[in-house]
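Here is a short briefing to read alongside the model. Keep the sequence and structure open as you go through the points.

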Amino acid sequence: MSKSSSLFMEGAITPAFISEAIAKHSTKTGIGAHQIFLGQIRADEKEEGVVQSIEFTAYREMAEKKYAEIREELFDEYSLSCMHVYHSLGNIKVGEINLFVFVSSKHRKDATEACRVLVEKIKNELPIWGKEILDDENYSWKVNR
């Protein structure tokens with residue numbers, strides 16, 4: 001199993017960061033499949049206004065602990081080579097990436113299914129909150145679906 005990396009990063013996740021993460025895996029020749037999920041901020045239209053950004057906060061210690069448990073579960077259930085998750089904290093604007101999930105394995109089935117399960121667990125089990133900042137400076141708390 002690959003070592004864990006930090007779950008959180010300040011600010012948006014850049015295309016350069018994503019590209020570098022992918023490039024680092026080219027020397028890992030036992031990997032046959034990568035599954036990547038990117039979460040991007042949408043300009044949702046709400047009754048109070050249009051979403052301009054989302055300000056993410058988290059209970060970091062609890063989230064890191066729960067992520068470590070989920071990580072162990074998925075490595076036990078699937079034949080994975082590595083798993084990386086990066087979630088933004090702070091104010092992330094519409095169009096920017098706030099979640100980067102990168103799962104690798106020898107075969108695509110394990111990578112694909114583990115990535116799907118991981119994204120659902122991140123959304124449903126980690127103490128991460130998003131405050132949607134609307135066009136007229138109003139806000140509403142994001143509800144994961």
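Leaving aside residues up to four places away in sequence, Val-85 touches Ser-6, Leu-7, Tyr-67, Leu-99, Phe-100, Val-101, Leu-118 and Ile-122, where contact means heavy atoms within 4.5 Å. The model is predicted, so local features need pLDDT of at least 70 and side-chain atom pairs count only at pLDDT 80 or more, while totals for chains, interfaces and linings use all residues. Residues are numbered from 1 along each chain as its sequence is written, and side-chain values use heavy atoms, with hydrogens and water left out.

**Nonpolar cores**

- The largest nonpolar core has 29 residues, and Val-85 is among those that touch the most other members, together with Leu-74, Leu-80, Met-83, Val-101, Val-103 and Leu-118.
- Helix 3 (108-125) is one of the elements that each supply at least two residues of this core, as are helix 2 and strand 5 (80-93); helix 3 gives the largest share, six residues.
- A second, separate core of eight residues includes Met-9, Ile-13, Phe-100 and Phe-102.
- A core here is a set of buried Ala, Val, Leu, Ile, Met, Phe, Trp, Tyr and Cys residues joined through side-chain atoms within 4.5 Å; buried means under 20% relative accessible area, exposed over 50%, and partly exposed in between (1.4 Å probe, protein chains only).

**Helix 3**

- Helices (H or I, at least four residues) and strands (E, at least two) are DSSP runs, numbered from the N terminus.
- Among the buried residues of helix 3 are Ala-114, Leu-118, Lys-121 and Ile-122.
- The cover over the buried residues of helix 3 includes strand 2 (33-40), helix 2, strand 5 and strand 6.

**Salt bridges**

- There are eight salt bridges in the structure, each a side-chain nitrogen of Lys or Arg within 4 Å of a carboxyl oxygen of Asp or Glu.
- Lys-121 and Glu-125 pair at 3.4 Å, N to O, and they sit four residues apart in helix 3, about one helical turn.
- Lys-121 is buried at 19% relative accessible area, whereas Glu-125 is partly exposed at 32%.
- Arg-60 and Glu-10 form another salt bridge (3.8 Å, N to O), linking helix 2 to strand 1 (residues 8-10) across 50 residues of the chain.
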